[in-house]
Amino acid sequence: MNLFVIRGLPSFKKSGISFLILLAAFTSASACDICGCFMGITPYDNQSSISLLYRYRSFNGYHGQNQSLFPSGANFLPTGNRLNAPITSHNGDPSDLEVYRALEVRARYFLSKRIELNAIVPYNSNSERYNGNLNTVAGIGDVNIYSGYHLLRKLDQKKVNQRLIVGAGFKLPTGSNDATNFQGLRLSTLSQTGTGSTDGFIYFNYLIGYKRSGASLSSTYKMNGENAEKESIANSNTTFLNFFHNVTLSKKLQLVPSVQIAYEYSAGEKYNGVKTGEHRMNNLMTGIGADLFINNITLNMALQSKAWTVKDDHPMPAGRVVLGVTYNFNQLYYLLN
């Protein structure tokens, strides 16, 4: 069986649509201006879709200390504002943590078989705890809008199948970046639900598959602007590599497990154009994923943990969890030929 054809699903019987693994990685709002985010695996080639994606990421423990994906006192699910703690600096307390959560509504629309438009609207809930003082900022984040062009489309071939997508987009400063605690002191840049800056990014995704197995390589370079407070994040790069295999469970069920590798780099925060050395990122993460296709619905899951990171004086990256559900429309017509 060719990896790129899902057989037995009703929406594929007439159209013969190819199977696509799309991993478009790019950095989003808040902490993901540095760490990047996982787009998920979507199976419908040239089909518009709407998705609900939840991302959780934790940082805790300093160099030489243990890290936990779910540190004590940090909720996994989004919480509301909690701004009743004083703001203190980090001094090596093993209970210090930073947790970033994002619930995103994502939409994709194909103008033609090769041109797609995408939008992401996030709700962020970010927590920082230093020296026992926990503050959480929650609210709408920065909206991302981007477009991809399917430059190479050699799918449903007898042997090797390939796809190359190139694209570009921007992030709008729709989220708030002026949250303060009960003393009226402004919280740190990364704990805000928005950055206050307009940013741009470019990306590519290359996929190659043979029969039931394949690999997907994605990389994004993000150019970050400056907000009204003269704050910014240094330009960042995020790269994902996935190895996957297609398993047929039944005529209506397809499972695609994957092994994932992610690398992310940024020189961190900047003030008035000068790097401060805060929140630098130079990390390698590894993990697993599983994607289940049921008719027009796709369920996504990914779990990644730190494999290596550069020494820093902030809490270290522990890992991330991604959960998603996507509804794929059976698109038969396009605005452009």
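Close-up 1. Leu69 counts as buried because its relative accessibility is 19%, where buried means under 20% relative accessible area, exposed over 50% and partly exposed in between (1.4 Å probe, protein chains only). The model is predicted, so that local features need pLDDT of at least 70 and side-chain atom pairs count only at pLDDT 80 or more, while totals for chains, interfaces and linings use all residues. Residues are numbered from 1 along each chain as its sequence is written, and side-chain values use heavy atoms, with hydrogens and water left out. Leu69 lies in the loop between strand S1 (49–60) and strand S2 (97–110); helices (H or I, at least four residues) and strands (E, at least two) are DSSP runs, numbered from the N terminus. Apart from its neighbours within four places in sequence, Leu69 is in contact with Tyr56, Ser58, Leu303, Ala318, Gly319, Arg320 and Val321, contact meaning heavy atoms within 4.5 Å. Between the C-alpha atoms of Leu69 and Lys306, which are 237 residues apart along the chain, the separation is 9.6 Å.

Close-up 2. Strand S6 (residues 160–171) pairs with strand S7 (residues 199–210) in the antiparallel sense over 12 bridges, two strands being paired if DSSP finds at least two bridges between them. Within this pairing, Phe170 has Gly200 in S7 as its bridge partner. S7 is also joined to strand S8 (residues 213–223), again antiparallel, by 11 bridges, and here Phe201 has Lys222 in S8 as its bridge partner. S7 and S8 form a hairpin with two residues between them. Lys211, in the loop between S7 and S8, has a positive phi near 55°, and its relative accessibility of 48% is why Lys211 counts as partly exposed.

Close-up 3. Lys230 is found in the loop between S8 and strand S9 (231–233), and has a positive phi of about 65° although it is not a glycine. Most residues other than glycine have a negative phi. With a relative accessible area of 40%, Lys230 is partly exposed. The open sheet has three strands in the order S9-S13-S14, with antiparallel pairing; its edge strands are S9 and strand S14 (274–275), each of which pairs on one side only. S9 and strand S13 (residues 269–271) pair over three bridges, and Glu231 has Tyr271 in S13 as its bridge partner.

Close-up 4. A search of the whole structure finds nine salt bridges, a salt bridge being a side-chain nitrogen of Lys or Arg within 4 Å of a carboxyl oxygen of Asp or Glu. The side chains of Arg55 and Glu104 meet in one of them, at 2.5 Å from N to O, and this pair links distant parts of the chain, with Arg55 in strand S1 and Glu104 in strand S2, 49 residues apart. Glu104 also meets Arg106 in a salt bridge of 2.5 Å, N to O; Arg55 and Glu104 are buried, and Arg106 is buried too. A further salt bridge, of 3.9 Å from N to O, is formed by Glu264 and Arg320, placed in strand S12 (residues 253–266) and strand S17 (residues 317–328) respectively, 56 residues apart. Glu264 counts as buried because its relative accessibility is 1%, and Arg320 counts as buried because its relative accessibility is 4%.
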